[in-house]
Amino acid sequence: MLKENKTKATTVETEVDQLVQRSKKALAVLKDYSQEQIDNLCEQVAVAALDNHMKLAKMAVEETKRGVVEDKAIKNIYASEYIWNSIRHDKTVGILEDDDETQMMKIAEPVGIVAGVTPVTNPTSTVVFKSLISLKGRNTIVFGFHPQAQKSCAEAARILQTAIAAAGGPADAVLYVEHPSLEGTNALMHHPDVATILATGGPSMVTAAYSSGKPALGVGPGNGPTYIEKTANLKQAVNDIVLSKTFDNGMVCATENSAIVDADIYSDVKAEFKRLGCYFVKPKDIAALTEAVIDPNRHTVRGPVAGQSAYNIAKMAGLTDVPKDCRVLIAEINGVGLKFPLSGEKLSPVLTLYKSKDHKEAFKISDELLHYGGLGHTAGIHTEDDDLVKEFGLAMPACRILVNTPSSVGGIGNIYNNMQPSLTLGTGSYGGNSISHNVSDMDLINIKTVAKRRNNMQWVKMPPKVYFERNAVRYLEHMAGIKRVFLVCDPGMVKFGYADRVTAELEKRDEPVDIDIFSEVEPNPSTDTVYKGVARMKAFEPDTIIALGGGSAMDAAKGMWLFYEHPEASFLGAKQKFLDIRKRTYKVPVASKVTYIGIPTTSGTGSEVTPYAVITDSKTHVKYPVTDYAMQPDIAIIDPQFVETVPARTTAWTGLDVITHATESYVSTMASDYTRGWSIQALQLAFKYLKASYDGDKYAREKMHNASTLAGMAFANAFLGINHSIAHKLGGEFNLPHGLAIAITYPQVVRYNAEIPTKLAMWPKYNYNTALGDYANIARALGLPGKTDEELKESLVKAYIDLAHSMDVTLSLKANRVEKAHFDQSVDHLAELAYEDQCTTANPREPLISELKTLLEREWDGEGVEK
């Protein structure tokens, strides 16, 4: 046996040594990289990780049997988008500072080979995060993965290796031990050529890292308390805690483990928890829950419990009356320590609740909880009292003090606050760590950070010039700087003389204008069409692009505009989903040499004023709403003469799309006082004039044309929701007109969004779910009947259905020639694609993929809409 163990140890050490030698060769290559080269390599790595965020999320959940696919997908996006955004402009190569006055120079050099240790709780996102922050400094990294997450982590590493090689770099810059074991990880950490250790894992692994004799950056356990003080916004506070505890089933180490509530508001807080679907464990059942959740030897969560749903944990504990849709199990206890095992870290949607008689007692309980397994990590407070925030920050032995914030996504930084984004959170000397902040590349001192919740600065952006009224197209006769015009449209614009109306205005100019007409845009413009147009533009060299048509022509022209001016631009990068448009992983370059003019010939898309371009990938046939203000038009001409003869059926579909644009932008998590005015005006115009417009009334068509642009201005700034996410995928799969797919989806989504959500939407300005009240406000503005918000919401849905039916639009997929067999074969994939659609991020209810599937199934049948 001794000989067998010795042979095994020799084999492990040989494997590790071979990996380190390969890593040394890659390090020698990276050491000669310029800042531009290393930044390009990192961006390619970030985009590759982002492109595979859902695949890796599914693999991680399947392999570890922990967490929530949708939340792991967000973690993977965060690990690429937020991390890369935060370090993108850091100068990490060569001379950093050269101060002539002090005669001091700072020069950046790589640390060397990094040993990366990853946890089972956040496997693939940690691989991406640690690889990016290592590569940014021209370091290489060799990983020792958690054995229970080896497969998913290995796939993440393979994706990064492929991206590095595609960028011309050494693929061996990211390596991993292929046969995971404690011996292998220890051999890696002790290898003489390893420079430093990035350790994320259980206490024993972090201790091993610090005991290796190497410089190590590690973390400690979290047992974070959060204090709900009597001045807090109760709905927001409870919303934040439920959001946090259910995010990936509570596996982020910064997640709240206990809540301390002032006695004055205790009953109200309990009621709000119950309203949001939390279950209060009966006193007689707390012992059973404790036995199921807490390991009696380690005094912390049992391995099989971490990352499980509240319902599954209840089943483990034998609690038979817990509903399946329970979000969080809450146990009311009155002590901390070994006699109260549930007061420890739980890494699951199990929350302990304490009642405090005053601030002093709340501070005492919070301090005891931190000392019982959470020293140095994270503490939260919900209050409107700024002086109390200071007292709490000074008193708590925690390195992150989070104010009015969900602790899980608040602790990792930069979503709800301005802390350094990171997936490795230092606990300072309190927790035996060498650093006290969210891991970056510096500091061996403790830094305590008080992070207040902040609303993102928002914006209103629209084209510098918008011309409207009949014959507004005459502006082309006098507009400065037009010499070579590239006119983008579909064949119908030429056939029916619309293109001639535009060229006629151009021909009135004092100086002759050269015009090239590209009339090959199809109903769902593809990347092939875009690149064909770019080739024509290269030969013609225009100074002006005029997009004439519906959304297809204007979107295709935007793509041509971008790739003509920036042939180096990446469609793969541009199509990627983002959580915050200002932090997107891939920065779309601005087209500034050629002037873009949008002239809509349908009243629906709003593309003439929006940063959206819906383009279909010719390889995958998937529609992507590419969104970036780099593609917002320079000029919009809203001339109703171009919609006076639009067919009635097209008028119906596009008009229902206008209503949807206005509705979704009104209830969006990013809606503001500025955008809601445009939304309501567009809705009032559309509900009043759409039927008359459908019947051919020219005045009504002018009003609908204005409504379309107003709705476009609203959603250009507030964005859309899952109504569009679903419709984009239905249109691509079943070849449905966009407006029809939108209309079928609208009633189902309004009803879905108005429910108390399973998942709470995440955006700092969106304090808590208000969708039902928002829909009711729309109904009131439209003068619809109803006494309660629920009645008003249903009035809005009924008004939409009645309007659609009055224009002979049926609101089910089966009534619009979608075959059941085709639908059943596609529905799972469509639900996942809809979740990944860019529009999903601003929806007022964070959807689960399973819920999107249910919505699609209701749409096929027209449930609750069609008889």
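Helices (H or I, at least four residues) and strands (E, at least two) are DSSP runs, numbered from the N terminus. Welcome to this predicted model, in which local features need pLDDT of at least 70 and side-chain atom pairs count only at pLDDT 80 or more, while totals for chains, interfaces and linings use all residues. Residues are numbered from 1 along each chain as its sequence is written, and side-chain values use heavy atoms, with hydrogens and water left out.

**View 1. His 191 sits in the loop between α7 (182-190) and β6 (194-199).** His 191 has 8% relative accessibility and so counts as buried (buried means under 20% relative accessible area, exposed over 50%, partly exposed in between, with a 1.4 Å probe and protein chains only). Beyond its neighbours within four places in sequence, His 191 is in contact (heavy atoms within 4.5 Å) with Val 16, Asp 17, Val 20, Gln 21 and Lys 214.

**View 2. Pro 170 belongs to the loop between α6 (150-166) and β5 (174-176).** This proline is buried too, with a relative accessible area of 15%. Look for Ala 26: it is 144 residues from Pro 170 along the chain, yet their C-alpha atoms are separated by 5.5 Å. Once neighbours within four places in sequence are set aside, the contacts of Pro 170 are Ala 26, Val 29, Leu 30, Tyr 33 and Ile 164.

**View 3. Helices α2 (residues 35-51) and α5 (residues 123-136) pack with their axes 9 Å apart, at an angle of about 170°.** Axes are lines fitted to C-alpha atoms, for helices over the stretch in contact, and angles run from 0 to 180 degrees between N-to-C directions. The two helices are therefore roughly antiparallel (angles over 145 degrees; under 35 count as roughly parallel, 65 to 115 as roughly perpendicular and the rest as oblique). Among the residues making the contact are Ile 38, Leu 41 and Val 45 of α2 and Leu 132 and Leu 135 of α5.

**View 4. The largest nonpolar core has 167 residues.** Such a core is a set of buried Ala, Val, Leu, Ile, Met, Phe, Trp, Tyr and Cys residues joined through side-chain atoms within 4.5 Å. Leu 135, Phe 273, Leu 656, Ile 659, Leu 730 and Val 809 touch the most other members. Helix α23 (residues 673-694) gives the most to this core, with 10 residues. A second, separate core of 40 residues includes Val 281, Ile 333, Ile 365 and Ile 381.
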